[in-house]
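Hello,

Please find the structure below, followed by notes on what was found in it.

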Amino acid sequence: MKKKIFATTLVALTTSSLWAVNDEQKTDTDSLAGFRFKDIYTIKTTSVKDQNKSGTCWCFSGTSFIEDEIMRQGGDSLDLSEMFTVRKCYEEKGDRYVRMYGSANFSPGGAVTDVAHVWRKYGVVPEEAYPGLNYGEKKHVHGELHGVLQGVVNAVAKKSDKKITTAWKPAFNGVLDAYLGVVPETFTYNGKTYTPRSFAESLPFNPDDYVVLTSFSHHPFYESFVLEIPDNWTWDRYMNVPLDELKAVVDNAIANGYPVLWAADISEKGFKWKEGVALMPKIKDEADMEGTELARWVKLSDKDKEDEAYKFNGPTTEIVVTQESRQADFDSQLTTDDHGMEIIGIAEDQNGNRFYKVKNSWDDNQVYDGFIYVSEPYFLAKTMSLLVHKDAVPKDIATKISK
């Protein structure tokens, strides 16, 4: 989650092709779970992709975010290579793991800053130049790839011969070449020849124009800190803001046509992917029940009561999330950093409850064709971090974080 902190000016985006606000642009959708959603704002986005059996959600969401930012700034709709970025991160993770005597994080996962990190340092290539499928599969399957890479770095870090030889990096990169393919030094795209760096420079995306935000009270607000999660392997610093301001940034961004890259915990039972909704339902209070309902309820175990709360089939009462409750879940590790997605809209259900429309990378064979509606309480409770263009930050908040 990348560092740059900026003084900023709010830019109001008026291009109707990027977001929908007029009545004729709003859409109603029916969920299999009994919800009816009306999209209030929807940002133009590229097609839903499929990370399949790879732990690379961070890269798929980050790449989608950049593709959408390129379109927002007047560029073409592109399909950029996720596996180029994945490979470059593996190269750096392997080097760091060995230099740290095997004590650093070496996993397929990543953070919201990783795609911008690779863009800045190595560039980018289109999907057609580096699909990363060099091992007999039509979709990404990385279990064997990661296992082989893990074996290499473990063997090197062990130092069986008392020192590390010069052969391990060529061996490590040979594995990446075998599975993902050799990275092209140059490639041709739309009749022009590029390197990864020159291709990145040709596109309207500057990684230094983005700010990464989080909200936790174990560090001071309006200061940056290294977020203590394993996938922050680059030890990037995150700007810390109060929870209400974190939400205000997202609301302002979406209303003005800026997508938001979002890292969150989706391990909750209320994250129902196939049904297309994510909620934080409130367990019933005995004070609100009477008669046979109360008599039945008191006989249930705590687990059964919790299970019943998650059997919602439409709008339901959700928990009230505070800065304190959010922090408690992070401290106890009930909230963990396990998935990256992209927020591309704001919606309401039939009762007027507000939701964020979120683009996932689990293919489009789902009720909303690869999108899920996430309630405000779920966002407030389970957001780990987000990345957004600096101009999407409201001016009063931007002034505080730029000091």
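**Salt bridges and helix packing**

Asp208 is partly exposed, with a relative accessible area of 30%; the term covers values between buried (under 20%) and exposed (over 50%), with a 1.4 Å probe and protein chains only. This is a predicted model, in which local features need pLDDT of at least 70, side-chain atom pairs count only at pLDDT 80 or more, and totals for chains, interfaces and linings use all residues. Residues are numbered from 1 along each chain as its sequence is written, and side-chain values use heavy atoms, with hydrogens and water left out.

Asp208 forms a salt bridge with Arg120, their closest N and O atoms being 2.9 Å apart. A salt bridge here is a side-chain nitrogen of Lys or Arg within 4 Å of a carboxyl oxygen of Asp or Glu. Arg120 lies in helix 3 and Asp208 in the loop between helix 6 (196–201) and strand 5 (210–214), so the bridge ties together parts 88 residues apart in sequence. Helices (H or I, at least four residues) and strands (E, at least two) are DSSP runs, numbered from the N terminus. Arg120 is partly exposed because its relative accessibility is 27%.

The search of the whole structure finds 19 salt bridges. Two others are these:

- Arg87 pairs with Asp177, with the closest N and O atoms 2.8 Å apart. Arg87 is in helix 2 and Asp177 in helix 5 (residues 168–180), 90 residues apart. Arg87 is buried at 4% relative accessibility, while Asp177 is partly exposed at 25%. Salt bridges with shared partners join Arg87, Lys88, Glu91 and Asp177 into one network.
- Glu69 pairs with Arg72 at 2.7 Å between the closest N and O atoms. Both are in helix 1, three residues apart, which means a separation of about one helical turn. Glu69 is buried at 0% relative accessibility, and Arg72 is buried at 12%.

Helix 3 also packs against two helices. Helix 1 (residues 57–72) meets helix 3 at about 65 degrees, with the axes 8 Å apart. That makes the two roughly perpendicular, a label for angles of 65 to 115 degrees. Axes are lines fitted to C-alpha atoms over the stretch in contact, and angles run from 0 to 180 degrees between N-to-C directions. The helix 1 side of the contact (heavy atoms within 4.5 Å) includes Trp58 and Ile70, and the helix 3 side includes Trp119. The axes of helix 2 and helix 3 come within 10 Å and cross at roughly 85 degrees, so this pair is also roughly perpendicular.

Overall, the protein has 12 helices and 14 strands, and buried residues make up 55% of its 403 residues.

Regards

Terms used. Angles under 35 degrees count as roughly parallel, over 145 as roughly antiparallel, 65 to 115 as roughly perpendicular and the rest as oblique.
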